[in-house]
Amino acid sequence: MALIKTQDFIESIADALQYISYYHPEDYIRALAVAYEKEQSPAAKDAIAQILTNSRMCAEGKRPLCQDTGIVVAFVKVGMQTQFEGDMTVAEMVNEGVRRAYLHPENTLRASIVNDPAGARKNTKDNTPAITHIEMVAGDTVDIQIAAKGGGSENKSKLAMLNPNDSIVDWVMEVVPKMGAGWCPPGMLGIGIGGSAEKAMLLAKESLMEPIDIQELQARGAQNKIEELRLELYEKVNQLGIGAQGLGGLTTVLDVKILDYPTHAASLPVAIIPNCAATRHVHFTLDGSGVAELVPPNPDVYPDVHWAPSPQAIRVNLETVTQEETQTWKNGDTLLLTGKILTGRDAAHKRIKTMLEKGERLPVDFNNRFIYYVGPVDAVRDEAVGPAGPTTATRMDSYTNMMLNTGLLGSIGKAERGEQALKEIAKHKSVYLMAVGGAAYLVSKAIKKSRVLAFADLGMEAIYEFDVVDMPVTVAVSANGESVHNTGPAHWKKKIALLAV
């Protein structure tokens, strides 16, 4: 009987979470490199180049791939012939590993977990508790799969209780376009089929732990119904033309993973959960011999891709820019921003709304400024700020009119804006700029200074002022309200159809 020491378990969890914060799985890097080589959309190719460059920088600098360092999900399969030292439960040991990992002084990870979710939503400060699934299995080892799941992709999860004869393909093809780009494609789709409602969701999440192997499957051909379904969905989803970051292109998904389970004769539960460009998971086994050994990816796995600003990029001085100038920007234009920008996201917007309703004076002057939707990682060593990629802009849509009434020139985030927000942007002759989700460390290198201006108690959701130099963004919504997230995918969907012919 294997004896699993408490500290070995805890240290293995902590090491794994540090590891996945800055190392992409090798299979993901290879798949993304293939996508980069075949991509024909300039905007999508540039976005993939940023993600690949960011990945290499994070591996070398041991800093997070994304500012959203995720909610921790652990699948723990305990062999029935194992014994644990001490009296801590498995969930308690996982949580202690999470706590140590996220508070590590050399690579501080952003704590995103809030308790009292329907009430005060107060940050727990150490990213606990994790979501831990425990299963007893045969054997004398403990098998652990651990992931850090970002909110942008997790928020796009869907469950349907289909009728037994309904088409799974039709449902997926209806859902994926509605997911928008907030899940930061290109990534993976995890699909769970069968069981009950909660089992289907669990299957979808667990499927995302599997390695990317769609290229191998295409080469050998499907050998069962599930593999046929994977190939069909992989092809059809990519034919939608959504592309990297929703900008339009050839690759939306790098793989489609499916797990199934027997279900009731009257039911067909189907769940879908996407994994983003910051795909983070690792698998290890404890056998009582010590802490798990995690081998870094081979540096040779990275393609020779080193992102650099386009020579055609428009340099923008944020200290002198005017609304007349912003109205000349066209959808898809690449900008390099230099000067001061403000930050603010969900909690800050909610507090601003409350202050305005009470007639209180705002602590920050937003007139002629740009606001960046971001919750950065804390700085370490000589950093001005830690990884600071964009959060999903759609969540701020309901505040758009309120914020534009303060005199804002525009906003910066990731993914598309809703129809009402587009109308309000056009009404105010504002603009919406997009930074690449999944390139947080790369983006942070453009931030030279950072200071909190207001709402310091909100932590990463406080209002900061960043001094940036050549921060790369793309014009996603021009001053007339036209969105590249509408025009780009529509153009590439038609183009892919013509390429197929």
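Visitor: Does Gln50 count as buried or exposed, and why?

Guide: Please bear in mind that this is a predicted model. A residue counts as buried when its relative accessible area is under 20%. Gln50 has a relative accessibility of 4%, and therefore it counts as buried. This residue belongs to helix α3, which spans residues 42-61.

Visitor: Which residues is Gln50 in contact with, leaving aside its neighbours within four places in sequence?

Guide: With those neighbours set aside, the contacts of Gln50 are Trp307, Val436, Ala439, Leu442 and Pro472.

Visitor: Which strands are joined to β2, and do they run parallel or antiparallel to it?

Guide: Strand β7 (residues 142-149) is antiparallel to β2 and is joined to it by eight bridges. Within that pair, Val73 stands opposite Ala147. Strand β6 (residues 131-137) runs parallel to β2, with seven bridges between them. Here Val78 is placed opposite Met136.

Visitor: How many residues does the largest nonpolar core have, and which have the most contacts inside it?

Guide: Nonpolar side chains tend to be buried together in soluble globular proteins. In this model the largest nonpolar core has 53 residues, and Ile352, Phe366, Met403 and Ile463 have the most contacts inside it. Helix α3 supplies the largest share of this core, six residues. Apart from this core lies another, of 43 residues, which includes Tyr19, Val72, Val94 and Cys276.

Visitor: What surrounds Ile352, leaving aside its neighbours within four places in sequence?

Guide: Beyond those neighbours, Ile352 is in contact with Leu362, Phe366, Met402, Met403, Phe455 and Ile463.

Visitor: Finally, at what angle do helices α1 and α4 pack, and how far apart are their axes?

Guide: Helix α1 (residues 6-22) packs against helix α4 (residues 90-102) at an angle of about 45°, and the axes are 8 Å apart. Because of that angle, α1 is oblique to α4. Their crossing is right-handed. Among the residues that meet are Phe9, Ile13 and Leu17 in α1, and Val94, Gly97 and Ala101 in α4.

Key:
Residues numbered from 1 in each chain as written. Predicted model: local features only at pLDDT ≥ 70, side-chain atom pairs only at ≥ 80, totals over all residues. Heavy atoms only, no water. Helix = DSSP H or I, 4+ residues; strand = E, 2+ residues; numbered from the N terminus. Buried < 20%, exposed > 50% of the residue type's maximum accessible area, 1.4 Å probe, protein only. Contact = heavy atoms within 4.5 Å. Pairing = 2+ DSSP bridges. Core = buried A, V, L, I, M, F, W, Y, C linked by side-chain atoms within 4.5 Å. Axes fitted to C-alpha atoms, helices over the stretch in contact; angles between N-to-C directions. Parallel < 35°, antiparallel > 145°, perpendicular 65-115°, else oblique. Left-handed = near helix turned anticlockwise from the far one by under 90°.
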